[in-house]
Amino acid sequence: MAYNQFVTLGAKKLYVLLNTWREPGQPASGRNTLSAKTYAVIGARAKAWSFTVLVQDTPATGYHSRTDVKALLDASTVSGRTLALTDIWGASQGNVMIDGAPDMKPELAPVMEGTDGWYSVDLVLRKVG
């Protein structure tokens, strides 16, 4: 099966460091069965994807820029942090929400602007609904 070097988050793409890609392990569930007994789950659990993305200050057309990603990370509302996700396999995963407050770190310094300005962001995305 073919995979992409990117995910689509919202309407734009993000480059993914593929060695960091983690698929969700267990779907959301209201109960678990263990040794023929059923246990309720306390708190909500949802599918979660985690990976590191590389973002350019001035990217190619169709990719998120550094300022786009900064706006997503700084969004203070649920709707501002909720976006449609298409994973590296090209499968639509529905709406996800950025979990936590990730850091944006400059890579390949000292160049920080233009097409040579690269930043890395460790993302955790959780399934919404």
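Predicted model: local features only at pLDDT ≥ 70, side-chain atom pairs only at ≥ 80, totals over all residues.
Apart from residues up to four places away in sequence, Gln56 touches Tyr15, His64, Ser65, Arg66, Thr115, Gly117 and Trp118. Gln56 belongs to strand 5. Its relative accessible area is 10%, which is under 20%, so Gln56 counts as buried. Next, display the backbone of Thr115: its oxygen lies 2.7 Å from a polar atom of the Gln56 side chain.

Now select Asp57. This residue is found in the loop between strand 5 (48-56) and helix 1 (66-74). Asp57 is also buried, because its relative accessible area of 18% falls under 20%. Show its side chain together with that of Arg66; the two make a polar contact at 3.0 Å. Then turn to Gly114, whose backbone nitrogen lies 2.8 Å from a polar atom of the Asp57 side chain.

The tour continues to the largest nonpolar core, which has 20 residues. Select Val7, Leu9, Leu14, Phe51, Val53 and Leu123, the members that touch the most others. Elements that each supply at least two residues of this core include strand 1 (6-9), strand 2 (12-16), helix 1 and strand 9 (118-127). Strand 5 gives the most, with 4 residues.

Finish at Val7. Neighbours within four places in sequence aside, Val7 is in contact with residues including Leu14, Val16, Trp21, Phe51, Leu85 and Ile88.

Conventions. Residues numbered from 1 in each chain as written. Heavy atoms only, no water. Buried < 20%, exposed > 50% of the residue type's maximum accessible area, 1.4 Å probe, protein only. Polar contact = N/O pair within 3.5 Å; in protein donor to acceptor, adjacent residues only side chain to side chain. Core = buried A, V, L, I, M, F, W, Y, C linked by side-chain atoms within 4.5 Å. Contact = heavy atoms within 4.5 Å.
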